[in-house]
Amino acid sequence: MKLWLLRHGEAEPHARTDAERELTRHGRKEVRQAAAHLAHRPLRTILCSPYVRARQTAELLEALLDSAPQLAVADWLTPDDDPRQALDRLAERREEELLLVSHQPFIGALAGLLIHGHLQDPLPMQTASLAELDGELPLAGAMYLRALNHPGHRH
């Protein structure tokens with residue numbers, strides 16, 4: 001299985017609630033940069049957090065990718081969810097390639113758990129950072145980090 005982990009693009013600093021924060025123009029640009037790494041992949045499924053900024057990130061990817069992936073909202077991909085419980089959800093998936101769009105600290109912790117087998121060494125994920133993991137099964141400590149791409153940030 002190849003598992004792609006993407007943190008949402010840059011979002012507005014404030015909204016009525018954290019879940020309602022929207023992508024900025026720069027955030028959309030970051031997502032387009034991440035999409036370039038996925039351009040020729042046989043990606044059929046995108047699972048995203050229900051938060052607005054993650055949904056907007058996933059919808060932008062859905063529109064940009066030629067593989068016509070199906071987009072589904074997964075309520076277990078929010079910033080406060082437990083990466084250990086996410087492993088149970090991932091074990092149910094049968095895709096050869098799967099993209100998750102989520103948030104920090106969840107997405108970095110999930111990557112660390114899949115790579116190292118514990119939560120003490122999370123992967124550093126900036127906005128629109130894309131991690132490429134692969135392994136036989138999405139189990140704790142059973143996947144390998146193949147690439148970690150960070151978008152170009154403003155200086």
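Q: Which residues is Glu 95 in contact with, leaving aside its neighbours within four places in sequence?
A: Contact is judged by heavy atoms within 4.5 Å. In this predicted model, Glu 95 touches Met 1 and Thr 45, once neighbours within four places in sequence are set aside.

Q: Where does Glu 95 lie?
A: Look for the elements on either side. Glu 95 sits in a loop.

Q: Is Glu 95 buried or exposed?
A: Buried means under 20% relative accessible area. Glu 95 has 18% relative accessibility, so Glu 95 counts as buried.

Q: How many bridges join strand E2 to E3?
A: Strand E2 covers residues 45–48. Its link to E3 consists of 4 bridges, and the two strands run parallel. Take Leu 47 as a case: its bridge partner in E3 is Ala 72.

Q: In what order do the strands form the sheet?
A: Read across the sheet, strand by strand. The order is E3-E2-E4-E1-E5-E6. These 6 strands make an open sheet with mixed pairing.

Q: Which are the edge strands?
A: An edge strand here pairs on one side only. The edges are E3 (70–73) and E6 (144–149). From one strand to the next, the twist averages 20°.

Definitions and conventions. Residues are numbered from 1 along each chain as its sequence is written. This is a predicted model: local features need pLDDT of at least 70, side-chain atom pairs count only at pLDDT 80 or more; totals for chains, interfaces and linings use all residues. Side-chain values use heavy atoms; hydrogens and water are left out. Two strands pair if DSSP finds at least two bridges between them. Axes are lines fitted to C-alpha atoms, for helices over the stretch in contact, and angles run from 0 to 180 degrees between N-to-C directions. Buried means under 20% relative accessible area, exposed over 50%, partly exposed in between (1.4 Å probe, protein chains only).
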